[in-house]
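Read it alongside the model.

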Amino acid sequence: MNHQPHTLQAQVDTVRSWLAEADRVLITAGAGLSAAAGYDYADADRFQELFPALYRLGLRSRYLVGVPLPPALLWGYWAVHIDDIRYSPAPNPLYQRLRTLVGDKDHWVMTSNVDALFARNGFAADRVFTPQGDYGRYQCTTPCTPTTWNSKPLVDRLLSAYDPDTGVVTDPDALPTCPNCGGDVEINVRIGPEFIDAPYLPAARRLQNWLNETPADTRLLILEFGAGFNTPGVIRHPGEHLTRHFPQARIVRVNPNHPETPADLAGRALSLPAGADHLLDALNAAPDPTVTP
């Protein structure tokens, strides 16, 4: 019979033991990790602080995909949102603690997050795969070309013409158009079939090569943080598949709302119903010498 520890301390000790035994580590992460790090898209108070005009319109969340807004208001939102999420220069303690936790283990990252917080907090950028895109790039909406462009100059231009009170970009000339065809542009994140994935394919190939070169008996540890069911095919299901593929693999699923693990992975899967911040805080604490994992 599989015995899964139920107290947080027992789970922490198990994670610490599994990590020590691991030959390789794959960190997988969804929106819950960045939310735990202070970037909660559903935080209505933070939304009101950053977007007072949108708040007055009745909006309460940064999940604005599909919301019909005039271009001047939409690009005002994107400029403030991306500047806050993607270009904030401050280090993030949660991501830094995660990097310290992995240490010198051979590791990779796969994340649905588009905020580059891994690469900005000590993880090697060439070992981070972001299949859903990156706020750091934008693309033609059509698209007329597979080229994407750096969003930082665009964000800076928009912010220079942004009115915080009305939420709009006041200079029409600051609104972006495609450098190639002159048409509409959008942030290079996976919203629909027009998404350009070319910038992320090299990392996908490197990750696949790393997995292909991993011997079958490797003790691979998958640390999954905050990956729910909005896009389970991006993070949750691939992690489960890899755990099945490698007989010695283990998976730790850290999720306060959806921590369930498949029954067929009993003994090699740890369900941890907590936020990433709680786990990492506990892991950074000194281990209890009286407890045997």
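The largest pocket holds about 1400 Å³ of space. Its lining counts 49 residues. The model is predicted: local features need pLDDT of at least 70, side-chain atom pairs count only at pLDDT 80 or more, and totals for chains, interfaces and linings use all residues. Numbering starts from 1 along each chain as its sequence is written, and side-chain values use heavy atoms, with hydrogens and water left out.

**Largest pocket**
- A pocket is an open set of points on a 1 Å grid over the protein atoms alone, where a 1.4 Å probe fits, with protein on both sides within 12 Å along at least five of seven lines; lining residues have an atom within 4 Å of a point.
- Volume is the space filled by probe spheres set on the points.
- Ala31, Tyr41, Tyr63, Ser112 and Asn230 lie nearest the centre of the largest pocket.
- Helix 2 (31-36), helix 5 (71-85) and strand 8 (185-189) each supply at least two lining residues; helices (H or I, at least four residues) and strands (E, at least two) are DSSP runs.
- Helix 2 gives the most, with six residues.
- The lining has 29 nonpolar, 15 polar and five charged residues; Asp, Glu, Lys and Arg count as charged, Ala, Val, Leu, Ile, Met, Phe, Trp, Tyr, Cys and Pro as nonpolar, and the others as polar.

**Ser112**
- Ser112 sits in the loop between strand 2 (106-111) and strand 3 (128-129).
- Ser112 is buried, at 17% relative accessible area; buried means under 20% (1.4 Å probe, protein chains only).
- Beyond neighbours within four places in sequence, Ser112 contacts Ala29, Gly30, Ala31, Gln132, Val234 and Ile235, where contact means heavy atoms within 4.5 Å.

**Second largest pocket**
- This pocket holds about 230 Å³ of space.
- Of its 18 lining residues, Ala119, Ala125, Val128, Thr130 and Asp134 lie nearest the centre.
- Strand 3, strand 4 (133-140) and helix 8 (201-212) each supply at least two residues of the lining.

**Strand 10 and its partners**
- Strand 10 (residues 250-254) is largely enclosed by the rest of the structure, because four of its five residues are buried.
- Strand 9 (residues 220-225) runs parallel to strand 10, joined by five bridges; pairing needs at least two bridges found by DSSP.
- Arg250 in strand 10 is the bridge partner of Leu221.
- Strand 10 also pairs in the parallel sense with strand 11 (residues 269-272), over four bridges.
- Val254 has Leu272 in strand 11 as its bridge partner.

Terms used:
Buried < 20%, exposed > 50% of the residue type's maximum accessible area, 1.4 Å probe, protein only.
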